[in-house]
Amino acid sequence: MSAPITSRAAAERADAANPLRAVRDRFAMPDGVIYLDGNSLGALPRPVVAAMSDAVERQWGTDLITSWNANEWWTLPGRVGDRIGALIGAAPGQVLCGDSTSVQLFQALVAAARLRPGRAVLVTDGANFPTDQYIADSVGRLLGLRVSRVSPADFRADEDVAVVAFSAVDYRTGELWDARAISADAHRAGAVIVWDLAHAAGALPFDLDGLQADAAVGCSYKYLNGGPGAPAWIYLPKRHQHAADLPLTGWTGHRDPFAMVSEYAAAAGIERARVGTHPVLSMLALNAALDIWTDVSLDEVRSTSIALTDLLIARADALGIDVVTPRESARRGSQVALRLPEAYRVCRALIARGVIGDFREPDLLRLGVAPLYVRFVDVWDAMDVLSDVLTAETYLDPAHGRVNAKVT
């Protein structure tokens, strides 16, 4: 896949040589659709269908409340967490699944800041996804910290910084930050580092343990394909678990939750990150989705992602489109952002013709390439459709609301 792809026939040959080519069959891909929005909502893995049927009809319908033990519902957060941990460089016992990304980020930031009492600054990226910024501001107000918005490209830590909280991949542009250098800089200054891996987990190898990350969070419905609203997760390394003072002290995180005592005492290890009763059905769907990864190499995922985005960028260049995403492969995730004056209307026109991407204010067309199911011919054909739309100016006027309103 290293040779430039200059024709559709060459794209077909690249697909035939792709080590991930058979993985696409594990997804229920709709006919007549080129799906380039897996960086917002992953496609449906086929194992999820049977798993959800069993969860509803047998586990809930027949086994009823006995499923908490008989079908191991109670242990799902840790078991699913370990499976996610294997994809982000976290040893077992350090990732817990449950709640939303917003909840997990609040948990992580407060706990991280409490590890550095007396320091005054929480650093975040002013281009971060809005939730990351909103939660950072809330934590700042709660703990009396000053929130400083700094691009990861310009970040330099000092002795006033308590917490550094960045996304590994910029959700708008697809830029991949140098997590190793940023983590090392934060640690040299005595700060703790929290990573948001929403646009990294399942798209590229990540080494949380190797980076000595202090905490991390992420969603499960993008490249992990857990389904809409799939539960998020939190990473707390073992070296911090005993000292972690998590702000949400729900009953399931108690060391003896069924004692029903009036005073909280945190559970040992990662189990203390539990809050309330976890969403069993959506977690079972995510658990089935993770079966897709059993024999998949993240190195092959990454190399395929780079080749797919290389092709997309080359085709955009040929069309004279402004590419916002970095051209250096080591500096981009698994999406490409194109700047177009009529990006929103172009996006709607593409969707009407079966090419699903998404739009970001004010002028970005964002095309995600999930390597498990996006093919080289998909990218080639999608860019042909984009060329037709731009040449004929067959844009669609905005309808009610925003296209793909619920995407992140």
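You're looking at a predicted model, so local features need pLDDT of at least 70 and side-chain atom pairs count only at pLDDT 80 or more, while totals for chains, interfaces and linings use all residues. Numbering starts from 1 along each chain as its sequence is written, and side-chain values use heavy atoms, with hydrogens and water left out.

**The largest pocket**

- The largest pocket has a volume of about 440 Å³.
- A pocket here is an open set of points on a 1 Å grid over the protein atoms alone, where a 1.4 Å probe fits, with protein on both sides within 12 Å along at least five of seven lines.
- Grid points are joined across faces, edges and corners, and the volume is the space filled by probe spheres set on the points.
- The lining runs to 21 residues, with Leu176, Trp177, Asp178, Ala179 and Arg180 nearest the centre of the pocket; to count as lining, a residue needs an atom within 4 Å of a point.
- Helix α7 (residues 179–188) gives the most to that lining, with five residues. Helices (H or I, at least four residues) and strands (E, at least two) are DSSP runs, numbered from the N terminus.
- Sorted by class, the lining has 13 nonpolar, no polar and eight charged residues. Nonpolar covers Ala, Val, Leu, Ile, Met, Phe, Trp, Tyr, Cys and Pro, charged covers Asp, Glu, Lys and Arg, and the others, Gly among them, are polar.

**Cysteines**

- There are zero disulfides, taking a disulfide as a pair of cysteine sulfur atoms within 2.5 Å.
- Cys97 is in no disulfide, and the nearest cysteine sulfur, that of Cys219, is 11 Å away.
- From the other end, the sulfur of Cys219 has its closest cysteine sulfur in Cys97, and 11 Å is too far for a bond.
- Cys97 counts as buried at 1% relative accessibility, and Cys219 is buried too, with a relative accessible area of 3%. Buried means under 20% relative accessible area, exposed over 50%, and partly exposed in between (1.4 Å probe, protein chains only).

- Asp132, Gln133, Ile135, Ala136, Val139 and Gly140 are the buried residues of α6.
- They sit on the same side of α6, because they cover an arc of only 165° around the axis; the arc is that of the directions from the helix axis to the C-beta atoms.
- Tyr134, Arg141 and Leu142 are exposed on the other side of α6.
- α5 is mostly covered, with 11 of its 14 residues buried; among them are Gln104, Phe106, Leu109 and Val110.

**Backbone details**

- The peptide bond from Glu361 to Pro362 is cis, with omega near -5°, and Pro362 is in the loop between β12 (358–360) and β13 (364–368).
- Leu64 has a positive phi, near 50°, without being a glycine; look for Leu64 in the loop between α2 (46–60) and α3 (67–70).
- Asp99 isn't a glycine either, yet has a positive phi of about 65°. Asp99 is in the loop between β2 (95–97) and α5, and is partly exposed at 30% relative accessible area.
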